[in-house]
Amino acid sequence: MKVLKLLIQRNSVRSMCFPSGQFSLVENFSTSCQWRTRKKVSQYSTVDTERYSSLVRAVVSSKTSSQTPASIEDEDYQLYGPVIRSRPPSQQQKVPKNLHPLLNQAKGPSQYEPGPLARINLQKDSTKPSIPSVTKILQKTMPPEQAFILERWKRRMIAELGEDGFKEYSLNLFKQGKLFHAAIEETFTEETSSKEDMECPSEAAGYMESVSHVLNDITGVRAIESAVYHSELQYLGIVDCVAQYRDSLCVIDWKTSEKPKPFLHNTYDNPLQVAAYIGALNSDNNYSYQVENGLIVVAYKDGSPAHAHFLRSDQIMAFWEKWLVRLEEYAEK
């Protein structure tokens, strides 16, 4: 019987050790099968640890680096030369050296008196030095970031249309702008009996539809496409319109755009342009009144409602100071 039990136990152990994946459960059995694997020899087993023990202790016990910020900076100087520390861009707003007044003390606000619209032509005297226009001054003193945006747009358009295509595109935009201004001028002439009698060119029809809701708020037109000249600051320009907008006398500037411009900052230098026109008009003796407010109207070719940006007197004053800075920059060029 003992021999039979030993044989049964031996067969049970064999069934547990075979690599067949099937194992038998043996109760009250303490003998285990041992798997023997070859021990892997480490490549560091032959290192003389006693020889390098002092080096290990020095590295482990060290609390500070041998390099300091001063030594690193000195090393960089030897390798790369002196450090050029660039100044961060100044966040302080520039102020004009000479804060010329926007309003003319010799003039006062005047009531609207119906009569012929002022249309003073721009007089050029070839015998005298040329006087720069507001548009030219703003172009010559355009901030770098704004010039970058304009140049990037120009390159993208040239890539899409080609050089000749871009020239034709620019000429068409200029033509459409001229027709739009002419249609606005015709709207405010006394000879036109009603708006229905007007014949609007097809190129300007969308723009006129776009500004139709703004025109309903404009009354008491005093000037259209009229030249203004600032004799003291020596610049000139042509205002699109001077009229009452919702009971506020404004210099109005009509703009066209292919992209929506719902916010004032989308108009870039246009507020400075309006402020410059207001300052010149107030200084010009051809006008018996003066203006403190402005209006920028952005019209769209597809007839979408135009965006009208009203500039209060305090806003105009802030843009007037920025204009004076640009004027001084132009004089220094």
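Which residues does Val242 touch, not counting residues up to four places away in sequence?

**View 1. Surroundings of Val242 in the predicted model.** Val242 touches Gly220, Val221, Arg222, Ala223, Leu249, Cys250, Val251, Leu281, Tyr289 and Val291, where contact means heavy atoms within 4.5 Å. This is a predicted model, in which local features need pLDDT of at least 70 and side-chain atom pairs count only at pLDDT 80 or more, whereas totals for chains, interfaces and linings use all residues. Residues are numbered from 1 along each chain as its sequence is written, and side-chain values use heavy atoms, with hydrogens and water left out.

**View 2. The protein chain as a whole.** The protein chain has nine helices and five strands, which are DSSP runs numbered from the N terminus (H or I, at least four residues, for helices; E, at least two, for strands). Along the sequence their pattern is α-α-α-α-α-α-α-β-β-β-α-β-β-α. Of the 333 residues in the protein chain, 31% are buried, a term that stands for under 20% relative accessible area, with exposed meaning over 50% and partly exposed in between (1.4 Å probe, protein chains only).

**View 3. The largest nonpolar core.** A nonpolar core is a set of buried Ala, Val, Leu, Ile, Met, Phe, Trp, Tyr and Cys residues joined through side-chain atoms within 4.5 Å, and the largest one here has 33 residues, among which Tyr235, Val242, Val251 and Trp323 have the most contacts inside it. At least two residues of this core come from each of α4 (134–140), β1 (218–230), β2 (235–245), β3 (248–257), α8, β4 (293–300) and α9 (313–332). The element that gives the most to this core is α8, with eight residues. A second, separate core has 22 residues, including Met208, Ile218, Ala243 and Leu295.

View 4. Helix α8 (residues 270–283) has 14 residues and should span 20 Å at 1.5 Å a residue, which agrees with the 20 Å between its end C-alpha atoms; the expected span is 1.5 Å times one less than the number of residues. In α8, 14 of its 14 residues are buried. The buried residues of α9, among them Ile316, Phe319, Trp320 and Trp323, pack against α4, β1, β2, α8, β4 and β5 (307–311).

View 5. Asp253 is found in strand β3 and is buried, with a relative accessible area of 3%. Leaving aside its neighbours within four places in sequence, Asp253 is in contact with Asp240, Gln273, Val274, Tyr277, Leu295, Ile296 and Val297. Glu185, found in helix α5, is partly exposed, with a relative accessible area of 23%. Residues up to four places away in sequence not being counted, Glu185 touches Arg119, Ile224 and Glu225. The C-alpha atoms of Glu185 and Cys241 are separated by 8.6 Å, although these residues are 56 residues apart along the chain.
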